[in-house]
Amino acid sequence: MAHLNATVALCDLQGNIRHTAGDVARLFQFPRGRAQVSVAEVIAEPFRAELLAMLHQISRESRVMLGRRRVVNDVTCRLSVRPVAGADGNLLMVMVEECDPPVEAVSRGELRRLEQTGMEDELQATREHLQSLIEELATANEEMQSLNEEAQASNEELQATNEEMEAANEELQATNEELMSLNEELNVKSGELQELNDEYTHLYDSLEFPILVFDNEYYLRRYNAAAGRELKLRTTALQQHVNRLKLPQALRSLDTFLSHALVHAEPEEEMVTLEDRLLQLVVTPGIGSRDEVELLVVTLVDVTEITQTQTALRESRAQLDALMRSTTILLAMKDLSGHYQYANPSFCEAFGFDEDEVIGKTDFQLFPEPFAASVWSRDMQSLRETQPVAMEHLLPGESERVLATMHQVLRDADGHPTAIVTEAEDITLRKQAERQLRVSAKVFEQAGEAIVVTDREARIQSVNDAFTRITGYRADEAIGHKMGDLLRSGKNDPSLYQAMWRSLSARGFWQGEIWNKRKNGELFPEWLTINRIDEDNNQHFVAVFADISKLKASQRQAEYLATHDALTGLPNRTLFHDRLDLAMAQARRANSQVALMFLDLDNFKDINDTLGHDVGDKLLTQVAGRLNEIVRDMDTVARLGGDEFTVILNDTCVEGAERVAQRVIEALHDPVLVEERSLYVSASIGLAFFPDDGDDAASLTKAADTAMYRAKDSGRDRFELFKPELQAQLIEQVNLESALRLALKNKHFRLAYQPKFVLADGRLFGAEALLRWQDPNLGEVSPGDFIPAAERSGLIVEIDRCVAHLALEGLARWRSQGLPLLPISINVSARSFQDERYLDALLEGLRTYRIPPALIQLELTERILVDRTSMALGNIERLREAGIALSVDDFGTGYSSLAYLKRLPLAELKIDKSFVDGLNGRDRNDEAIVRAILGMAEALELRTVAEGVETEEQRGWLAEHGCDVLQGYLMARPEEEETYMERLQRQGAAIKEDT
């Protein structure tokens, strides 16, 4: 191109430069760092517009495009664009060539001719050169294409890197936003913490006693305003060691207390004296999150006043105690049931008791009944009236004594009574002096008793106010009348008056109880004392009497309480025996019969335990009312205790007594409404007759009691008549219980094993342990006889433990002989399952014999499993933790509850024999029940065991409906241990052959 003075750029159809030649730097300005550029972008500015037009035109017409001459940098140049065929497609050659300036004198035609003539040879050479140049350009183009692809790949990598950087930038921005959010939350929390710190500071400063806070190196961290005032601390004391603080002398050993609290991590307390004040020093360790002491809090509380008050209180108590012990007043304190809690020495000395003889006793146990009843009635009066009650009591004995008492009740801060206090004074001598004084002064108007002075003819000469108050007669109405004519009631026996006058004549004194009549005609009892006074041959009588109506009422109340049940008001055991003796005595004289009914409420304990004793008491009260409505007035209903009632039917017959018993049962069928609850109870009744079933109270009572237990054993809610054979049965039960105790002691029990088989293939699945008893005297005793006896006597718990021990012992023995071990099921009673000791013994036996828990399975009834008591729930949870599975025995015959099936660690359901007997078309209801049990067990993934299978038809039905395990006489009867061991040995041998 040099000889042509031309610069060339070879481009593709889009104008992208592939190759250049000639004076490129003069006409093209290439940018740095770009692998691909357009020719229009880099060509010199004078040619740019013309080139763009030529490129546009050549894209439509593929021909040579020539531009016009132009002077660029004093050089005349022309731009041309020519289509060129290359190896990789059509190309464009952009060429800028120098040319001669135009000649003005030469014509256009001549110029054209000269150009064509002079340049044909050069053009031919140029074409050849250009062809070689095009080939070089094609090669260069391929290289450029490769470079372009590499640049494209680099560009893609750069683009991916850029995208990753953008994602990282976004993540960084999100993280930055989160940090900003956290910083804002931190600022909020810091503000809250500062507010809380300010609150704590205000709280510390508001406390009136000093508080010091040290760290675990004994440096002061904080103190409150009270500490600053009391201990004269300044802010410079903060972060100072305790030994460098200028504390009062009393606190010089504070570092010792801090050290003890730090080492032991427990509060330290000490009493210190500061400026005549007694302070309670307490060092409390502050435990941090790592269970280490981080802070030590010291508090100083002024307890001077409290200590002084306590000292004064102790001194006051000592003075009070000394006063109570030295006073001549008889002081005593009782609880609300009348039992003595305290008696001072004067009290014990006055009545001749030691203090330990009094404490815990009641008045009825210490004193004669009239005196005790009088005192207790006043105690009750003070309790009812909520105010002190004064009374004088007569204490009979070798020498009668009169005691003036004050009865009052101590109450707590809420006004509830807590104790009864009695103050007493022996006023016997004073009363005697008062009587002498009244005789000397004729009338002592202020006396509490009525006083009447008569002449020898018993005509009233004077009376006191008490006479008017008691009798209703004013003094003017009574004076001049004979006392007997005025007050005679007509109720006293004439012999009483005769004895009275004989005593007055012989001794000049008479005292006793007498009935008199008030002015209004009301009769009243009085305690009358008459003294004869002889002076100057003149004879007078002084009568002193008191209305004892309230005393008589108190005595009647005390007698009532002693003979009647406090809850129901029915006669108690004491009065019952009196009434029974009286009824039998009357029957002997009249040659008639007496029926004795013993009644016991069924399931009353369940109501009492679940709803409470208050509901149970109200239920008993209503039952007592119903019983009283049924019997006659001449009959007696009594409560012996608990839920046990008796009825004495006088002058009756067997048919009449049976009608009454039936009416009682029917009356109890109606619901009893207690606290808006309808409660249902029934009764078991036993009937015995005098003289046929017993000729004294003891034998008749025992007969009725025996008949009642017969009614309970026969299903309850019924009555039974006593029969002589019942007594024999009772004796037999007693003998059986005694033999049971000996059997447990002498280890006469053994186990038999009834095998269980897998229904699908007949394999031995395990066995149920059955208890057997061979007694030396009774022979082989059936479980149906001794198990009920064990439950009645409470021996069932020991028997259940014996069964568990024998089963574990047998498993250990079989293992030692190399026999294969299969699960053993043992039955457990409700009482044993409630007894935590049974489960303790079972788990201890598993550990002792090293038996895996999976080899023991407990068979429980549904009634046990639905028990919601804390003991039953606790034992079930312990069984779950130990890995001992449960089997529901006789499923469907008790209180079924689907809830416990999914909650408890159950392994299997046992279908009761009563349902199995009805299979194969014998009873559709039984079949429906068994199908339901099997379906439910399958849904809950529980194993089913059918017990009592005795026929092939039953086995076929069970196989058809998906039962898992069979047990019954069809497969095997219960076997002794040796026989069962042989079966285990065969099972082991069969397993070895299979393997």
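1. Ser549 and its surroundings. In this predicted model, Ser549 has contacts with Arg518, Phe524 and Pro525, leaving aside its neighbours within four places in sequence. Ser549 belongs to helix 17, which covers residues 549–563. Its relative accessible area is 25%, so Ser549 is partly exposed. Pro974 lies 425 residues from Ser549 in sequence, and the two C-alpha atoms are 78 Å apart in space.

2. Helix 17 against helix 11. Two packed helices are described by the angle between their axes and the distance between the axes. The axes of helix 17 and helix 11 (residues 369–385) come within 9 Å and cross at roughly 100°. Helix 11 is therefore roughly perpendicular to helix 17. On the side of helix 11, the contact is made by Glu369, Pro370, Ala373, Ser374, Ser377 and Arg378. Helix 17 contributes Lys550, Leu551, Ser554, Gln555, Ala558 and Glu559. By class, the residues of this contact of helix 11 with helix 17 are four nonpolar, four polar and four charged.

3. Ser374. This serine is found in helix 11. Is Ser374 buried or exposed? Its relative accessibility is 5%, and Ser374 therefore counts as buried. Leaving aside neighbours within four places in sequence, Ser374 is in contact with His393 and Leu551.

4. Helix 25 against helix 27. Helix 25 (residues 796–816) packs with helix 27 (residues 836–849) at an angle of about 10°, and their axes are 10 Å apart. That angle makes helix 25 roughly parallel to helix 27. From helix 25 the contact takes in Asp800, Arg801, Ala804, His805, Leu808, Glu809, Ala812 and Arg815. From helix 27 it takes in Arg837, Tyr838, Ala841, Leu842, Gly845, Leu846 and Tyr849. The contact of helix 25 with helix 27 has eight nonpolar, two polar and five charged residues.

5. Aromatic pairs. How many aromatic pairs does the structure hold? There are 14. In one of these, the ring centres of Tyr340 and Phe347 are 5.6 Å apart and the planes stand at 50°, so the pair is tilted. Tyr340 and Phe347 are both buried. Phe749 and Trp773 also form a tilted pair, at 5.7 Å centre to centre and with 45° between the planes. This pair links distant parts of the chain, since Phe749 is in strand 29 (residues 749–758) and Trp773 is in strand 30 (residues 764–775), 24 residues apart. Phe749 is buried, as is Trp773.

6. An aromatic cluster. Which residues do ring pairs link into a cluster? They are Tyr340, Phe347, Phe351, Phe353, Phe367 and Phe371.

7. Charges over rings. The charged end of Arg488 sits over the ring of Tyr497, at 4.9 Å from the ring centre. A further case involves Arg973, whose charged end sits over the ring of Tyr969, 4.0 Å from its centre.

8. Backbone points to check. Most residues other than glycine have a negative phi, and most peptide bonds are trans. Between Phe690 and Pro691 the peptide bond is cis, with omega about 5°. Pro691 lies in the loop between strand 27 (682–690) and helix 22 (697–713).

9. Positive phi at Ala458. Although Ala458 is not a glycine, its phi is positive, at about 70°. The residue is placed in the loop between strand 17 (450–455) and strand 18 (460–463). With a relative accessible area of 17%, Ala458 is buried.

10. Positive phi at Glu676. Glu676 also has a positive phi, near 65°, in a residue other than glycine. Where does Glu676 lie? Its place is the loop between strand 25 (672–674) and strand 26 (677–679). The relative accessible area of Glu676 is 79%, so this residue is exposed, whereas Ala458 is buried.

Conventions:
Residues numbered from 1 in each chain as written. Predicted model: local features only at pLDDT ≥ 70, side-chain atom pairs only at ≥ 80, totals over all residues. Heavy atoms only, no water. Axes fitted to C-alpha atoms, helices over the stretch in contact; angles between N-to-C directions. Helix = DSSP H or I, 4+ residues; strand = E, 2+ residues; numbered from the N terminus. Parallel < 35°, antiparallel > 145°, perpendicular 65-115°, else oblique. Contact = heavy atoms within 4.5 Å. Nonpolar A, V, L, I, M, F, W, Y, C, P; charged D, E, K, R; others polar. Phe/Tyr/Trp six-rings, centres within 6.5 Å; stacked < 30°, edge-to-face > 60°. Buried < 20%, exposed > 50% of the residue type's maximum accessible area, 1.4 Å probe, protein only. Lys NZ or Arg CZ within 6 Å of the ring centre and 35° of its normal.
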